Amino acid sequence: MDYLSHIRAQNPLVLNITNVVVSNFVANGLLALGASPIMSNAPEEMDELTALCQALVINIGTLNREQIAAMHAAGKRANACGIPVVLDPVGVGATTFRQQTVQALLEEIDVAAIRGNAGEIATLAGSQWQSKGVDAGTGEGDVAHMAKALATRYNTVVAVSGAVDVITDGTQCVRVNNGSPLFPRITGSGCLLSAVCGAYLAQSGGDHFTAVWQACRDYAIAGQLAAQGVQAHQCGQFAVALLDSLAQLNPAMITQEEQIDVE
């Protein structure tokens, strides 16, 4: 299925309960892709807004109690409406507050996908990993093994972002070898990917695994193309080029650039 063309034809509404650092970048990225973003943290409007959207993205980057209430309200409403939910556990290993928040969300809400870096996924999987804040960090665990265990535990799709993205539903696994080392040099690149996963899941028809790995592939290709001609120190130019690349991306580019391994 050509998810990208479907997104541009259908213009799915993606509700983002996200952090203040990345809200503008994520909204612009979804617009460039062809989706329609709405950003809100107000518990009072979650029931109505969630029912209007085609996907919900929950991002814990800058948590507060009111936002957490909105996350639970929207997540439950999304489940009741059959709307796919993406959870981005930003910096979950940094504090007990974040860990408790994510655990409570996973206990109460069925999520279609969890998208994070290796450090965040390792924390949720209970593996030993060294990370600082929201950085991916380092560890000796096998990323695919951790992701599969987490996917199986919560009956979801897990996408691990890194030099090679790993996407699994606990049984199937795809590795995306496209991308750019400039991704971690700009804030919000992972958060935008989570939102892109939401847009793709909105068109999934229940095939969450395919939607997520194709979202990761297409986003990685967009970044790879955006990095062409950009120097390592030109982080600002890469951020703008990434938005332009998402807007320019088409199925022919994807077919030409795709570098994936299917297990």
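Ile114 stands opposite Val158, a residue of strand S6. The model described here is predicted. The pairing of Ile114 with Val158 belongs to a parallel arrangement in which strand S5, residues 113-117, is joined to S6 by five bridges.

Strand S6 covers residues 157-161, and five of its five residues are buried, so the strand is largely enclosed by the rest of the structure. In a regular strand, side chains alternate between the two faces of the sheet. In S6, Val157, Ala159 and Ser161 lie on one side, while Val158 and Val160 lie on the other.

Charged side chains were examined next. Side chains of opposite charge can pair when their charged atoms come close. The structure contains six salt bridges. One of them is formed by the side chains of Arg77 and Asp47, with an N to O distance of 3.1 Å. This pair links distant parts of the chain, since Arg77 lies in helix H4 (residues 65-81) and Asp47 in helix H3 (residues 46-52), 30 residues apart. Arg77 has a relative accessible area of 28% and is therefore partly exposed. Asp47 is also partly exposed, because its relative accessible area is 46%.

A salt bridge also connects Lys76 and Glu108, whose closest N and O atoms are 3.0 Å apart. The two residues are separated by 32 positions and again link distant parts of the chain, Lys76 being in helix H4 and Glu108 in helix H5 (residues 96-108). The relative accessibility of Lys76 is 46%, so this residue counts as partly exposed. For Glu108 the relative accessible area is 41%, which means that this residue is partly exposed as well.

Arg217 and Asp218 form a further salt bridge, with 2.7 Å between the closest N and O atoms. Both residues of this pair are buried. Salt bridges with shared partners join Arg217, Asp218 and Glu258 into one network.

Values for the whole chain place these elements in context. The protein chain has 11 helices and nine strands. Its radius of gyration is 17 Å, close to the 18 Å given by the globule rule for 263 residues, so the chain is as compact as a globular protein of that length. Along the principal axes, the C-alpha atoms fill a box of roughly 45 × 45 × 35 Å. Of the 263 residues, 56% count as buried. Among contacts between residues at least 6 apart in sequence, 71% join residues at least 24 apart. The chain exposes about 10,900 Å², of which carbon and sulfur atoms supply 48%.

Terms used: Residues numbered from 1 in each chain as written. Predicted model: local features only at pLDDT ≥ 70, side-chain atom pairs only at ≥ 80, totals over all residues. Heavy atoms only, no water. Salt bridge = Lys/Arg side-chain N within 4 Å of Asp/Glu carboxyl O. Helix = DSSP H or I, 4+ residues; strand = E, 2+ residues; numbered from the N terminus. Buried < 20%, exposed > 50% of the residue type's maximum accessible area, 1.4 Å probe, protein only. Pairing = 2+ DSSP bridges. Rg over C-alpha atoms; globule rule 2.2 N^0.38 Å. Contact = heavy atoms within 4.5 Å. Areas by Shrake-Rupley, 256 points an atom, 1.4 Å probe, with all protein chains shown as cover.
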